[in-house]
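Hello,

Here is the structure you asked about. My notes on it follow below the files.

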Amino acid sequence: MKITLLTGKTFDYEAALGFPIKVVKSPLAKKLTLRIDEKSRLPVLTLPRYCSTRKALNFVENHRGWISETLNRLPEIRYFKDGDILSVMGWPYTVSRQPGRRGGAFLEGNFLIVTGSKEFTHRRICDFLKIKAKEELLRLSRQYAAQINSTVHNVCIKDTKSRWGSCSTKHNINYNWRIILAPEFVIRYLVCHEVSHLVHQNHSKEFWNCVAALCPDYQSGRNWLKAHGKELYQYA
Ligand SMILES: [Zn+2]
């Protein structure tokens with residue numbers, strides 16, 4: 001990508017380095033930093049206000065090994081496709097692409113039917129799972145909240161890369177849509193965890209007692225997420 005320098009000249013970092021990189025100029029940055037953006041799978045270089053091009057290039061060159069190692073370690077991206085068996089709210093469904101039918105994606109018996117052309121299969125299933133997640137997680141959250149005399153205002157479905165859920169003081173709960181692909185006891189643990197934050201905005205002993213009261217077997221859900229959560233994050 002080309003960057004306009006303070007002198008008004010543009011400089012092409014990708015051409016100079018020989019690999020794709022995103023360069024961000026930040027007047028607030030104190031020093032050069034390099035990170036990997038997991039979503040775009042690109043290294044991101046942040047330039048402070050005063051930094052010579054040569055210094056920036058040397059910095060990236062010195063981290064070339066780290067960049068390729070980190071990129072190689074990123075989990076593989078998975079896409080939904082015909083024939084996949086997916087767990088939706090704890091029940092297995094086989095993806096069946098039926099191009100002649102209409103309706104996007106929907107459940108029918110033990111099948112998750114997806115219509116239209118192959119290139120839209122993944123997107124259509126994601127859209128369906130997000131709607132389903134919203135419906136089911138709102139219902140479950142309200143049900144568990146009532147047990148501790150609390151209420152849930154709304155549930156939002158997010159596409160975050162780092163967390164499964166969060167809870168605001170305004171009684172709104174955010175969930176990562178991928179949780180709908182986990183076994184049911186895991187979904188229940190996560191809901192009980194977030195709902196308990198309606199009463200305890202921390203991870204104190206009282207908070208965990210509340211989770212345990214709602215979900216006695218919460219530790220298995222927690223362990224499952226620690227061991228397998230990464231696999232669900234592989235879905236784009
Ligand atoms: Zn928490």
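In helix 6, which runs over residues 205-214, Cys210, Val211 and Leu214 are buried. Viewed down the axis of helix 6, the buried residues fall within an arc of 100 degrees, so they line one face of the helix. Lys205 and Asn209, on the other side of helix 6, are exposed. Please keep in mind that this is a predicted model.

What do the buried residues of helix 6 pack against? Their partners are helix 4 (121-147), helix 5 (184-196) and helix 7 (218-233).

For helix 5 there is some more detail. Its axis and that of helix 6 come within 9 Å and cross at roughly 135 degrees. An angle over 145 degrees would count as roughly antiparallel, and 65 to 115 as roughly perpendicular, so helix 5 is oblique to helix 6. The crossing of the two helices is right-handed. On the helix 5 side the contact involves Cys192, His193, Val195 and Ser196, which meet Phe207, Cys210, Val211 and Leu214 of helix 6.

Strand 3 pairs with strand 5 (residues 42-47) in the parallel sense, over 4 bridges. Within this part of the sheet, Lys22 has Val44 in strand 5 as its bridge partner.

Regards

Technical notes. Residues are numbered from 1 along each chain as its sequence is written. This is a predicted model: local features need pLDDT of at least 70, side-chain atom pairs count only at pLDDT 80 or more; totals for chains, interfaces and linings use all residues. A residue is buried if 20 or more other C-beta atoms lie within 10 Å of its own, exposed if 12 or fewer, and partly exposed in between; C-beta atoms are placed from the backbone. The arc is that of the directions from the helix axis to the C-beta atoms. Two residues are in contact if their C-beta atoms, placed from the backbone, lie within 7 Å. Two strands pair if DSSP finds at least two bridges between them. Axes are lines fitted to C-alpha atoms, for helices over the stretch in contact, and angles run from 0 to 180 degrees between N-to-C directions. Angles under 35 degrees count as roughly parallel, over 145 as roughly antiparallel, 65 to 115 as roughly perpendicular and the rest as oblique. A crossing is left-handed if the near helix is turned anticlockwise from the far one by less than a right angle, and right-handed if clockwise.
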